[in-house]
Amino acid sequence: MAAPSSSYDMFDEIVMAEDRFHGEGYQEGYAEGSHAGAAEGRRCGCLHGARVGSEIGSYLGFALTWQHLLPKCTDDKNSKKMRALDSLIGMIQKFPYEDPTYEKLQDDLEKIRGKFKQELVGSAVYNLGPRSYPCSAGGASTAAKPM
């Protein structure tokens with residue numbers, strides 16, 4: 001009877017099968033996880049981007065609406081509000097919508113939020129209430145009379 005060759009040991013395949021299957025499973029799991037992670041990241045990024053866009057859009061709508069309403073008034077208080085609104089609109093227009101890799105994206109967003117809060121506190125919406133108007137046709141501020 002001939003002795004088996006030393007370069008091939010049939011028990012090595014059996015003993016090393018666990019390591020081989022572990023390695024193959026790891027590679028398949030890594031590829032599957034990478035694909036699922038990319039899809040999840042894309043979905044999360046789209047959702048977060050839509051929220052930020054909606055938030056900034058509402059700030060711009062607020063500013064443009066009050067910018068349209070305030071020119072009828074010419075007093076110093078309203079000219080200060082107009083400058084603040086122009087500043088807010090300028091910040092929003094310079095916001096980098098198309099560049100998600102912009103390093104100061106969160107900082108700029110926080111500045112816009114702060115400017116909006118500052119403007120909201122100083123605005124006629126906050127100060128006059130729901131039944132009031134910032135200016136009448138004559139230029140003086142009037143409030144609707146209760147019924």
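E40 and R43 sit three residues apart in helix α1, so about one helical turn separates them. Their side chains form a salt bridge, with the closest N and O atoms 2.8 Å apart. By salt bridge I mean a side-chain nitrogen of Lys or Arg within 4 Å of a carboxyl oxygen of Asp or Glu. Helices here are DSSP runs of H or I, at least four residues, numbered from the N terminus.

A word on the source. This is a predicted model, where local features need pLDDT of at least 70 and side-chain atom pairs count only at pLDDT 80 or more, while totals for chains, interfaces and linings use all residues. Residues are numbered from 1 along each chain, and side-chain values use heavy atoms, without hydrogens and water.

How exposed are E40 and R43? E40 is partly exposed, at 43% relative accessible area. R43 is partly exposed too, at 48%. The cut-offs: buried is under 20%, exposed is over 50%, partly exposed is in between, with a 1.4 Å probe and protein chains only.

Next, R20 and E24. They also meet in a salt bridge, 3.8 Å from N to O. Both lie in helix α1, four residues apart. R20 is partly exposed at 42%, and E24 is partly exposed at 39%.

Now a longer link. E55 forms a salt bridge with R113, the closest N and O atoms being 2.5 Å apart. E55 lies in helix α1 and R113 in helix α3, so the pair ties together parts 58 residues apart in sequence. E55 is buried, at 18%. E55, E110 and R113 are linked in a network of salt bridges. The count comes to four salt bridges.

Note on methods:
Helix = DSSP H or I, 4+ residues; strand = E, 2+ residues; numbered from the N terminus.
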